[in-house]
Amino acid sequence: MKIETPSNSWFRQATYGLFLHWGPYSQHGRGEQVLMRELLNQEEYAEQACRWNPQHFDANEWAKVAVDGGFRYAVLTTRHHDGYCLWDTDTTDYSSAQQAPKKDYVREYTDAFRAAGLKVGLYFSWSDFRLPALFAGPEKDPEGWAQIREYAHEQVRELMTRYGKIDILWFDGVWPGSAKDWRSAELVSEIKRLQPGILVNNRLGYRAPESENSDEFGANEDEGGDFGTPEHRIQAVPGKLWETCQVSTWRLWSHTPGERWRSAEHILDMLTEASSKGGNLLLNVGPDSGGRIPQDFINRSNAIGDWLKVNGEAVYGTEPVDVGECVLFGRECRRGNTVYLIIRFWPGKELRLQGLATGVKQATLLGDRRPLSIERDSYGILISGLPEKQPHPLFSVIKLELDGEPETLESYHPGLWGGDPSRLLSWAQKRGNSVMASTVEEVATPGA
Ligand code: GLC
C-alpha cells in the first residue's frame, strides 16, 4: 500500500495549538455568546464590558503555560461576537485600550508568545452582535451592512499591520453573511499582501448559511482558506491542511466556573487522533475574567506537555499510516521509515500487529532503551518483551524502525471484519474441524 505524504508546512509540523477565548464575556461565566444567546440588555452588557478590568493578566504566564504544555502555536480572540476589541484600535472606543484596562492585550500577547518561540494566531469574528445591520442583512440595510463590513475590514487591517509577523488569521462568526456580503476574498488578498506567508482559515462565508449541515462548517474542501477547521469533530479535510478545534471542558469556549473538564487522557487521545490522521489540534482554554488560566487546565496541560517531552516524536508533524490492525490498542502514524504505535490499552507483555510487511530493524518503547523482540510470521509481527504493566499512566509509544517504506502484506485488510476471510484460514486450520470443545481428546477426559 502506498502512503501519501501530507504537507510539511510549519503548521502541520507544529500540530498542537492553544486556543484562548477571553474577553468581557468571561465575567458572565456562561460562554462567549452570552449576549445573543440570552438576549441580554445591550446597554447593560456594554457598561459591564467597559468596567471589565482584569487584574491578573500576564501574557508571559500564558506563554509559559503554552510552552510547558507542548503547544507550538496559539490563537487569541481579538474580537469575539460581542464586538469588544482586545487591542488599541482607531475604529471604536469599545476596546481594552480605551476602557478600564487601558491595555493593548493583543500587543502583550503577540510579544510574549513570539518571544517564547510560539507562532501567533489571531481570531477575529466577522459578526458584532451589537450592530443591528448584522441582523437586518445586506438586502434590507445595504448602507448599514457596508458600514459594518468596512468596519471589520479596517480592524483586520490594523491587526495585520501593527503587531509584527502574524502566522494565522482565524476567522469565525461569518453567519449570517456570505463571502460576497463580507467581501472576504478581497480582504484575504489584502491580508496575504500585508502578511506574506500567513495562513487564513476557511470561515470565509463560501457556504450558503442555509445549506444543509451548515452547522457542521469547517470540514469541506470547497470553503476556501488555507486550512479546514472541523469543530468538535476530528475529521480529515481531503487535500487540505486542517485543524480540529476542541474545548477542554464539555462545551463552552470562554471561562465557565463549574464546567466539567476533560481528562488529560481524553485530550491526549484527541491530539493523537488528529495527528495520526494528518491534522492539528487547536485545544481551547477560557482564562477567567481576572486573566488567569484555570489550574484545572494547567494540570492537564502540563501532564500532556511532560508526556510530549518523551513521546512528542510520535505526534509533531507525523503522517498517517496503516500498517496493522491497531485500532483497539491505539493509533499509528509514521515519520519516514519509522512507525509509531501509540498504545491506549496496554496489552501486557506481547502485542500482535497484523499486516506489517516491511522488516523491522529495531523496536523500542519511547523513553526506554531496552530493545523489544520481533517475531515475524505470515500474518505480520508479534512484538514481545513489553512490560507486563502499562509503563506510563497516559499512553506508551512503541517505535518501529523499519528497513524501508512501511508496506502492508497483500492479504492485509484494515479492520478485522472485512476483506478476504481466507487470509485467516491457515491459522484456523491449525485447530482442525471438530465442533467439540477440544480437538485433543485427552484434555477433555472427565475427572482428569
Ligand atoms: C463557534 C462559536 C464561537 C467559538 C468558535 C470556536 O463558532 O460560535 O463562539 O468561538 O466556535 O471555533
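**Figure 1. A look at what lines the second largest cavity.** In this predicted model, the lining of the second largest cavity splits into 6 nonpolar residues, no polar ones and 2 charged ones. The residues in question are Arg79, Trp126, Asp128, Leu131, Leu134, Ile148, Tyr151 and Trp182. As for volume, the second largest cavity comes to about 40 Å³. Rolling a probe the size of a water molecule over the atoms is how such empty space shows up.

Figure 2. Around the largest cavity sit Gln354, Gly355, Ser378, Tyr379, Leu409, Ser411, Tyr412 and Arg423. Sorted by class, that lining has 3 nonpolar, 4 polar and 1 charged residues.

Figure 3. Which residues come nearest to the ligand? Of the 14 residues around the ligand, they are His21, Glu32, Gln33, His80 and Glu231. By class, the shell around the ligand is made up of 6 nonpolar, 4 polar and 4 charged residues. Now for some polar atom pairs. His21 puts a polar side-chain atom 2.6 Å from a ligand oxygen atom, and His80 has a polar side-chain atom 2.7 Å from an oxygen atom of the ligand. On its own, the ligand has 300 Å² of accessible area, and the protein covers 91% of that.

Figure 4. His80 sits in the loop between strand S2 (73-79) and helix H5 (105-115). Is His80 buried or exposed? Its relative accessibility is 2%, so His80 counts as buried, the cut-off for buried being under 20%. The side chain of His80 also makes a polar contact of 2.8 Å with the side chain of Tyr123. On the ligand side, a polar side-chain atom of His80 is 2.7 Å from a ligand oxygen atom, and His80 is one of the residues that come nearest to the ligand.

**Figure 5. The cis peptide bond at Pro176.** Most residues other than glycine have a negative phi, and most peptide bonds are trans. The bond from Trp175 to Pro176 is cis, with omega near 5°. Where is Pro176 found? Look in the loop between strand S4 (168-172) and helix H8 (179-182).

Figure 6. Leu39 isn't a glycine, yet its phi is positive, at about 45°. Leu39 belongs to the loop between helix H2 (34-37) and helix H3 (42-51). With a relative accessible area of 71%, Leu39 is exposed. Lys102 is another non-glycine residue with a positive phi, here near 55°. Lys102 is in the loop between S2 and H5, and His80 lies in the loop between those elements as well. Lys102 is exposed because its relative accessible area is 57%, and the cut-off for exposed is over 50%.

**Figure 7. Arg193 and Met160.** Arg193 has its place in helix H9 (residues 184-194). The relative accessible area of Arg193 is 58%, which means that Arg193 is exposed. What separates Arg193 from Met160 in sequence and in space? The gap is 33 residues in sequence and 9.7 Å in space, C-alpha to C-alpha.

**Figure 8. Pro294 and His255.** Pro294 is placed in the loop between strand S8 (280-285) and helix H11 (295-311). Pro294 is buried, as its relative accessible area is 12%. Counting along the sequence, Pro294 and His255 are 39 residues apart, while their C-alpha atoms are 8.6 Å apart in space.

**Figure 9. Stepping back to the whole protein.** What share of the 448 residues counts as buried? The figure is 53%, and His80 and Pro294 are both buried residues.

Definitions and conventions: Residues are numbered from 1 along each chain as its sequence is written. This is a predicted model: local features need pLDDT of at least 70, side-chain atom pairs count only at pLDDT 80 or more; totals for chains, interfaces and linings use all residues. Side-chain values use heavy atoms; hydrogens and water are left out. On a 1 Å grid over the protein atoms alone, a cavity is a set of points where a 1.4 Å probe fits but cannot get out, and a pocket is an open set with protein on both sides within 12 Å along at least five of seven lines; lining residues have an atom within 4 Å of a point. Ala, Val, Leu, Ile, Met, Phe, Trp, Tyr, Cys and Pro count as nonpolar, Asp, Glu, Lys and Arg as charged, and the others, Gly among them, as polar. Grid points are joined across faces, edges and corners, and a volume is the space filled by probe spheres set on the points. A residue is near a molecule or strand if one of its heavy atoms lies within 4 Å of it. A polar contact is a pair of N or O atoms within 3.5 Å; within protein, one must be able to donate a hydrogen and the other to accept it, and residues adjacent in sequence count only if both atoms are side-chain atoms. Accessible areas come from the Shrake-Rupley method with a 1.4 Å probe; for residues, only the protein chains shown count as cover. Helices (H or I, at least four residues) and strands (E, at least two) are DSSP runs, numbered from the N terminus. Buried means under 20% relative accessible area, exposed over 50%, partly exposed in between (1.4 Å probe, protein chains only).
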